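User: I would like to go through this model and ask what stands behind each label. Please set the values against the criteria as we go.

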Amino acid sequence: MSSTRIRVGVTRRLPASVEARLSDLFDTKLHDRDTPLSAAALVSLAQDVDVLAATLGDKLDAAFFEAAGDRLKLVANFGAGTDHIDIAAANERGITVTNTPSVLAEDAADMAMALIVAVPRRLAEGVRALEDGNFPGWSPTWMLGRRVRGKKLGIIGLGRVGEAIARRARAFGLSIHYHNRSPINPHMEEELEATYWDSLDQMLARVDIVSVNCPHTPATFHLLSRRRLELLQPHAYVVNISRGEIVDEEALADMIEGGRLAGAGLDVYERGAPSEKLLKAPNVVLLPHLASATVESRVEMGERMIINIKMFADGHKPPDRVIL
Ligand code: DGY
């Protein structure tokens, strides 16, 4: 396969510079509307291309790969999360999958840090009070939040994004605790003054704020189950910019509503958008999946996706191959 002749199908509108570069480099079929393709349209696009430039709204499951036929050789995902792609089913058919994890880590960490501060300091409630005309004037006792400095932050999944959050959190005076399958390298651990917890349950019982930063896989579905949420102290907060499915959202909303947890800052939801229960819960800051939504990240995600496609087309190993 050579770069100029490969056919690339794009499933969503992408930043203009990315679409232009794709069209310059490859025989590219761009998408003309900013809405996801139906399952049937996805299959028909895939049947006609060597590379599918996909995004997180595209459900690429075993049935999709079965129907896609033999031409498709690469799924180049625009984004870090690949839980919408059945990687095993793709690999079984000889299809490579790539993603764009490195370029969005700093912007995603900014958003997590914003939530780590916004929830204890009741930022959204304060904005709402002003907008609703409910500001009684400054008072020594009105709308008091909790201090961030000195609190313990428990990061579930200290990878690229988790590490970028830890650096920011250190500057805000938080101490870093983390749970991974295995400890990070000792130099990094020392630099971050991070404490490793082999047992997630034990970490949860000790921290003041939990930040969810692991990928969503069958093993991490409802990792923060009702039982685990109950291990948190009542003054604790939950922050999630990874994937909604990792947290039992109904249990989280129940516990905040019942005063058993202090609040949550969420950018992602089990069913794409927040449940009614969550929308009504007190002291939650709810964002519409904005963690990587900067002009810079989205352009760099596109550029990284193009590097993966080009390397693959030129017969090299793409740098961001997703390995199971
Ligand atoms: C990702 O990259 O998976 C984010 O959730 C969307 O940018």
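**Labels and their grounds**

Analyst: Valine 51 stands opposite leucine 74 in β4. The model is a predicted one.

User: What makes β3 and β4 a pair?

Analyst: Strand β3 (residues 51–54) and strand β4 (residues 74–77) are joined in the parallel sense over four bridges. Pairing requires at least two bridges found by DSSP, so β3 and β4, with four bridges, count as paired.

User: Which sheet has β3 and β4 in its order?

Analyst: The open sheet of five strands, ordered β2-β1-β3-β4-β5, with parallel pairing.

User: Why are β2 and β5 called edge strands?

Analyst: Each of β2 (27–29) and β5 (96–98) has a single partner strand, so one side of each has no neighbour in the sheet. Neighbouring strands of this sheet are turned by 20° against each other on average, direction ignored.

User: In what order do the strands of the seven-stranded sheet run?

Analyst: The order of this open sheet is β8-β7-β6-β9-β10-β11-β12, and its pairing is parallel. At its edges are β8 (194–196) and β12 (284–286), each of which pairs on one side only.

User: What are the bounds of the two domains?

Analyst: Domain 1 covers 7–103 + 294–313, and domain 2 covers 105–286. Their centres, taken over C-alpha atoms, are separated by 31 Å.

User: How many residues of each domain are in contact with the other?

Analyst: Six residues of domain 1 are in contact with seven residues of domain 2. Sorted by class, the domain 1 side of this contact has one nonpolar, four polar and one charged residues.

User: Which residues are around the ligand?

Analyst: Leu56, Gly79, Ala80, Gly81, Leu104 and Ser292.

User: What does the UniProt annotation cover?

Analyst: The unreviewed entry annotates residues 13–322 as "domain: D-isomer specific 2-hydroxyacid dehydrogenase catalytic". Over residues 13–322 the chain is 38% helix and 14% strand, with the end C-alpha atoms 23 Å apart.

Conventions
Residues are numbered from 1 along each chain as its sequence is written. This is a predicted model: local features need pLDDT of at least 70, side-chain atom pairs count only at pLDDT 80 or more; totals for chains, interfaces and linings use all residues. A residue is near a molecule or strand if its C-beta atom, placed from the backbone, lies within 6 Å of it. Helices (H or I, at least four residues) and strands (E, at least two) are DSSP runs, numbered from the N terminus. Domain bounds come from an automatic or database domain assignment. Two residues are in contact if their C-beta atoms, placed from the backbone, lie within 7 Å. Ala, Val, Leu, Ile, Met, Phe, Trp, Tyr, Cys and Pro count as nonpolar, Asp, Glu, Lys and Arg as charged, and the others, Gly among them, as polar. UniProt positions are given in the numbering used here, feature names are shortened, and annotations may be inferred rather than shown by experiment. Axes are lines fitted to C-alpha atoms, for helices over the stretch in contact, and angles run from 0 to 180 degrees between N-to-C directions.
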